Amino acid sequence: MGGRAALDSLVARSRGALWIGSVAGTGHLNFSDAPFVMGSTIKRFGGRIIAPQRGLLAITAAIAAFFDEALDGHSGALAAVPRRFPEVVIERQHH
């Protein structure tokens, strides 16, 4: 099971709040150093990537905001990320 089916299964089994984040123009390899060292290879095989530096900044901003909000209680930290990075979508789902 992968992709959307795996996410839907996780959401269905959750007993608490979930934050689901995505970054437009990214894929699995964007969460590694691949965009910096093999961006042309990713594109050659049909992958789409945003500019490596932009992707890194968006991903790390979303992760930092999640921890700021979930662990440190900084309400609104996650909501601020898409204003800075419009390609980031963060949804909170409750069960």
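By the ring-centre rule, which requires centres within 6.5 Å, the count comes to two aromatic pairs. The rings of Trp 19 and Phe 66 have centres 5.2 Å apart and planes at 80 degrees, so this pair is edge-to-face. The structure is a predicted model.

**Aromatic cluster**

- The rings of Trp 19 and Phe 66 meet at 80 degrees between their planes; because an angle over 60 degrees counts as edge-to-face, the pair falls in that class.
- This pair joins distant parts of the chain, with Trp 19 in strand β1 (residues 18-23) and Phe 66 in helix α4 (residues 52-70), 47 residues apart.
- Phe 66 also forms an aromatic pair with Phe 67, edge-to-face, at 5.3 Å centre to centre and with 70 degrees between the planes.
- Through these ring pairs, Trp 19, Phe 66 and Phe 67 are linked into a cluster.
- Trp 19 has a relative accessibility of 29% and therefore counts as partly exposed.
- Phe 66 is likewise partly exposed, at 29% relative accessibility.
- Phe 67 has a relative accessible area of 41%, which means that Phe 67 is partly exposed.

**Largest nonpolar core**

- In soluble globular proteins, nonpolar side chains tend to be buried together.
- The largest nonpolar core of this model has 12 residues in all: Val 23, Ile 50, Ala 58, Ile 59, Ala 61, Ala 62, Ala 65, Ala 77, Leu 78, Val 81, Phe 85 and Val 88.
- Two elements, α4 and α5 (77-84), each give two or more residues to this core.
- Helix α4 supplies the largest share of the core, five residues.
- Phe 85, one of the core residues, touches Arg 54, Leu 57, Ala 58 and Ala 61, when residues up to four places away in sequence are not counted.

**Largest pocket**

- The volume of the largest pocket is about 460 Å³.
- The pocket is lined by 16 residues, of which Ile 20, Gly 21, Ser 22, Phe 31 and Ala 62 are the closest to its centre.
- The elements giving two or more residues to the lining are β1, α4 and β2 (88-93).
- Strand β1 contributes the largest share of the lining, five residues.
- By residue class, the lining comprises 11 nonpolar, five polar and no charged residues.

Notes. Residues are numbered from 1 along each chain as its sequence is written. Side-chain values use heavy atoms; hydrogens and water are left out. Rings of Phe, Tyr and Trp (its six-membered ring) pair if their centres lie within 6.5 Å; planes under 30 degrees apart count as stacked, over 60 as edge-to-face and the rest as tilted. Helices (H or I, at least four residues) and strands (E, at least two) are DSSP runs, numbered from the N terminus. Buried means under 20% relative accessible area, exposed over 50%, partly exposed in between (1.4 Å probe, protein chains only). A nonpolar core is a set of buried Ala, Val, Leu, Ile, Met, Phe, Trp, Tyr and Cys residues joined through side-chain atoms within 4.5 Å. Contact means heavy atoms within 4.5 Å. On a 1 Å grid over the protein atoms alone, a cavity is a set of points where a 1.4 Å probe fits but cannot get out, and a pocket is an open set with protein on both sides within 12 Å along at least five of seven lines; lining residues have an atom within 4 Å of a point. Grid points are joined across faces, edges and corners, and a volume is the space filled by probe spheres set on the points. Ala, Val, Leu, Ile, Met, Phe, Trp, Tyr, Cys and Pro count as nonpolar, Asp, Glu, Lys and Arg as charged, and the others, Gly among them, as polar.
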